[in-house]
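Visitor: I'm new to this one. Could you show it to me and let me ask how you know what you say about it?

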Amino acid sequence: MSDSAIMRSFEGAQRALNDLIELEQENPVVHRFANELYNALFEGKKVLVCGNGGSMADAMHFAEEFTGRFKKDRKPYPVLAISDPAYLSCTANDFGYEFVFSRMVEAIGQEGDMLVVMSTSGNSPNILCAIEAAKKKNMVVVGLLGQDGGFALPKCNISVTAPHDDSARVQELHLLIIHSVIDAVEKALGH
């Protein structure tokens with residue numbers, strides 16, 4: 001194992017972050033995401049979050065920062081990651097894995113609520129089904145995507161596409177994005 005491999009990884013992360021900063025300066029979609037999230041929470045709407053694998057872990061982290069706390073003690077906000085293993089395995093077994101997120105959106109999503117999908121490819125069938133279910137309920141759909149955004153890109157009201165083809169690098173950028181958005185929204189809500 002060489003130190004140069006570690007440094008190449010760090011330098012790759014730095015380049016990816018610089019690319020994200022440049023994109024945000026040209027088209028402030030992360031800012032739009034933060035504004036929409038603020039509006040939803042201020043109006044008492046729910047936010048559902050979903051993703052597969054590492055993106056599910058990020059979705060859970062995003063939700064717990066709002067229901068728990070981020071930087072300050074404050075009231076909890078209704079942000080829920082669709083991640084319950086019993087629910088997921090039941091739905092996958094009974095209906096198919098492509099419906100594990102959409103069934104929950106159908107069950108508890110309401111007009112004006114928000115769905116945040118996290119996908120490094122934007123092509124996962126269960127993500128696409130969740131988006132369709134949310135659109136039928138007139139929910140705001142935000143996509144945290146990677147690569148070219150995949151099939152999810154044009155289906156989202158707001159698409160934040162991390163500018164990288166490597167899934168790990170995309171997830172790193174997604175984590176930075178969600179922390180930045182949580183911080184901005186928490187401050188805007190007066191906490």
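Visitor: What makes you say that strands β4 and β5 pair, and in which sense?

Guide: First, bear in mind that this is a predicted model. Two strands count as paired if there are at least two bridges between them. Here β4 (residues 140–146) and β5 run parallel and share 5 bridges, so by that cut-off they pair. One spot to look at is Gly 143, which stands opposite Ser 159 in β5.

Visitor: How do you know that the buried residues of α4 are on the same side?

Guide: Take helix α4, residues 85–94: its buried residues are Tyr 87, Leu 88 and Thr 91. They span an arc of only 95 degrees around the axis, which puts them on the same side. In general, an α-helix has 3.6 residues a turn, so residues three or four places apart point the same way. Over on the other side of α4, Pro 85, Ala 86 and Asn 93 are exposed.

Visitor: What do the buried residues of α4 pack against?

Guide: They pack against α3 (54–67) and α5 (102–108).

Visitor: What makes Asp 84 a cap for α4?

Guide: A side-chain oxygen of Asp 84 lies 2.9 Å from the backbone nitrogen of Ala 86, at the N-terminal end of α4.

Key:
Residues numbered from 1 in each chain as written. Predicted model: local features only at pLDDT ≥ 70, side-chain atom pairs only at ≥ 80, totals over all residues. Heavy atoms only, no water. Buried < 20%, exposed > 50% of the residue type's maximum accessible area, 1.4 Å probe, protein only. Helix = DSSP H or I, 4+ residues; strand = E, 2+ residues; numbered from the N terminus. Arc of directions from axis to C-beta. Contact = heavy atoms within 4.5 Å. Polar contact = N/O pair within 3.5 Å; in protein donor to acceptor, adjacent residues only side chain to side chain.
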